[in-house]
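Welcome, and please open the model in your viewer.

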Amino acid sequence: MPQEKSFIDILDYCLKHKNISPPVFNKTGMQIREEVAREEPDNRVIEKIITCDQALTSEVLRTANSVFFKGLSKITTIRNAIVRLGMKEIANIALMASQKSNFTSKNKIIHRIMHTLWKHSVVCAAGSEWIALNCGMKNRSQEAFTAGLLHDMGKLYILIVTEALIRAGNIKQIPSMTILHEALDSLHTHYGYELLMKWNLPDAYAHIARDHHLDEYDEDDILLTIVRLANLACNQQGIGIKPPADIILAATPEADNLGLSEIQMAELEIKLEDAISLV
Ligand SMILES: [Fe+2]
Ligand SMILES: [Fe+2]
């Protein structure tokens, strides 16, 4: 590794040369998504995929019983969860549950940042789904959820590399939160794109990971516009690793492009608050 380099340069070098293993994509969530997308999806197949994995089963049940779904009685089995919440919702929950284990670290500071990033990703996913459902894009709500969940995976990758560098003694500690934020901001879109391409996910998700902060973006890309707006809504409320940002959602080009009103933006804010209970 080159000597006398800045923290960002060291990270960039490691990410570029891939000498630290990237996070692994757990395919279970996507398998369920594929079953749900069939013309005649089979409840039993979905139930079987979930119940084969004990950790996934308990995480799906925990999420299905969260305040977000506001059930009257407790859901105790996966079969019951599928009947009560529907297959599409269960597919979303399973996708979340299958990715969650990536967001843990033995380093306390990094673990805390990962948890906050996970919260941002989940709330952004729920927000993206809500926006799709409310801007006439109901048929794309599942994709919107997935895209929202994965848009900042580049940040997870950077945090994993940071932890590995500390563990190996290449760096003593995170230089400062300001520098870490700078590194996350400047590197996460590029390496998020590379990671999602490596995971062989549909290109649309990788493009969103790459373009969700661009000043000028493809306004015809509805999915990208949806995730950008959900991301801005999270940032406005401080749901993420940075403090709340001063953003008037209804005045953003994204809200305008999707034809969403001020009242709908206020509804979105409430939806995001509810979605925190999913974490
Ligand atoms: Fe981002
Ligand atoms: Fe984000």
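What pattern does the chain follow when read along the sequence? Switch to a cartoon view and follow it: α-α-α-α-α-α-α-α-α-α-α-α-α-α. That gives 14 helices and 0 strands, where helices (H or I, at least four residues) and strands (E, at least two) are DSSP runs numbered from the N terminus.

This is a predicted model, in which local features need pLDDT of at least 70 and side-chain atom pairs count only at pLDDT 80 or more, while totals for chains, interfaces and linings use all residues. Residues are numbered from 1 along each chain as its sequence is written, and chains are lettered from A and ligands numbered from 1 in the order in which they are written.

Next, select the C-alpha atoms: along the principal axes they fill a box of roughly 60 × 45 × 30 Å. Of the 279 residues, 39% count as buried (20 or more other C-beta atoms within 10 Å of the residue's own, with C-beta atoms placed from the backbone).

Now select residues 108-134, helix α7, and residues 222-237, helix α12. They pack at an angle of about 130°, with axes 8 Å apart (axes are lines fitted to C-alpha atoms over the stretch in contact, and angles run from 0 to 180 degrees between N-to-C directions).

To see the contact (C-beta atoms, placed from the backbone, within 7 Å), show side chains including His 120, Val 123 and Ile 131 of α7 and Ile 226, Leu 229 and Cys 234 of α12.

Note on methods: A residue is buried if 20 or more other C-beta atoms lie within 10 Å of its own, exposed if 12 or fewer, and partly exposed in between; C-beta atoms are placed from the backbone. Two residues are in contact if their C-beta atoms, placed from the backbone, lie within 7 Å.
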